[in-house]
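Go through its parts one after another, in plain words.

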Amino acid sequence: MRKQNKRLVFVLVGLAGVSVAVWLVLTAFRHNLVFFYSPTQVLEGKAPSHGVFRLGGIVKKGSIKKDGLHTTFVLTDLRHSMVIHYTGILPDLFRQGQGVVVQGRRVGTTTFMASQVLAKHGANYMPPDVAAELKRSMAAKAKAALS
Amino acid sequence: MKLVHKYAAPKRFYELAGTLTPWFATLTTLLFVSGLYLGLYWAPPDYQQGNAYRIMFIHVPNAWMSMMAYMIMALFAAAGYIWNIRLADILAKVTAPLGASFTLTALVTGSLWGKPMWGTYWVWDARLTSELVLFFLYVGYMALQASIDDARRAAHASAILAIVGVVNIPIIHYSVYWWHTLHQPASLTLTSQPKIYITMLIPLIVMSIGFMFFYLTMLCVRARNEILWRERRADWVRKLVESRP
């Protein structure tokens, strides 16, 4: 039994050691593991100032302008926003109010040239009629709160 | 401990698994057939994705099972390593290819869904990358098992790899919360209301239980096979073979 206890301790200590090591590595690389930056981070200078990076946020309602394959829209994190220019095919889930991630370069203070647009999907799944019902009840609640 | 050793005798497990296999297989078939019927016909389309979301009935159970199988494999590997239980070594070894196929299925189905929905087959975000690492862990474990001839030494060496790899499991799970990822966070958690409508949730649960029983079925079949091979020189195996016409 002594030998077995030794091995048990070895496994537990080993696992704890590896966990700490991995935790340290992940903490050190935290910045590089970020898949995208928000417009606020970009405007605060926390994103790369040049080169290709990814920007994530929500497509502002009514901001989508299409001209053939060229699309312009406003990407917002509800605090700050940036204007995105993109030429190409958009994913199915791209629509106003949707979370998207764009990859490209910053060309002006608040202008971004995207080479790729990815739609981010939320965790919600429901049938269309339920979604419509939910929207109606939310609108009714908002109205009730205002009056 | 003596009790474990008695019931974990490969011969006993061989008989037990033989009795359980048809039951597990029947349950798996029933759950898969009803789950697919519910998922593909009965469940309504999604308000945003239309019918494309239905791939989740395969993707999500496989992704869950890829992590669950890894935990099972690592626990068996650790038990085999610490207490020298031969059956635990066997169960860990035969779980690896099953877990690897769950992982690959989750990666491929996710990728096929990602193209129309996200607009890309693959991105190197934390969730996708950590799941890919899980696949390589399984493959590495299998390669290590295969590269050492002596069964006990193979089990001990690969057990270390399996145990170290456990670190990846919480990373996969929490990746969507710790970092900005393209992959969405979990729709189902133990602590909050499901974010999936009930008529879509039911097929998902049925399919998930189906995949669990599929795993158990395959575990029994594969473990029996492995036991026969390892005990091929034992008397009881010889008698078993001779008793077959």
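Domain bounds here come from an automatic or database domain assignment. For chain A that assignment gives domain 1 (1-33) and domain 2 (39-119). The C-alpha centres of domain 1 and domain 2 of chain A lie 40 Å apart.

The model is predicted: local features need pLDDT of at least 70, side-chain atom pairs count only at pLDDT 80 or more, and totals for chains, interfaces and linings use all residues. Residues are numbered from 1 along each chain as its sequence is written, while chains are lettered from A and ligands numbered from 1 in the order in which they are written.

Next comes the interface. Counting two residues as in contact if their C-beta atoms, placed from the backbone, lie within 7 Å, 32 residues of chain A are in contact with 35 residues of chain B. On the chain A side, the elements that give two or more residues are helix 1 (2-28), strand 6 (111-119) and helix 3 (128-146). Helices (H or I, at least four residues) and strands (E, at least two) are DSSP runs, numbered from the N terminus. Helix 1 of chain A gives the most to this side, with nine residues.

Within chain B, helix 4 (residues 86-117) packs against helix 8 (residues 198-230) at an angle of about 125°, with their axes 9 Å apart. Axes are lines fitted to C-alpha atoms, for helices over the stretch in contact, and angles run from 0 to 180 degrees between N-to-C directions. Residues of helix 4 of chain B, including Ile90(B) and Leu98(B), meet residues of helix 8 of chain B, among them Tyr215(B) and Ile227(B).
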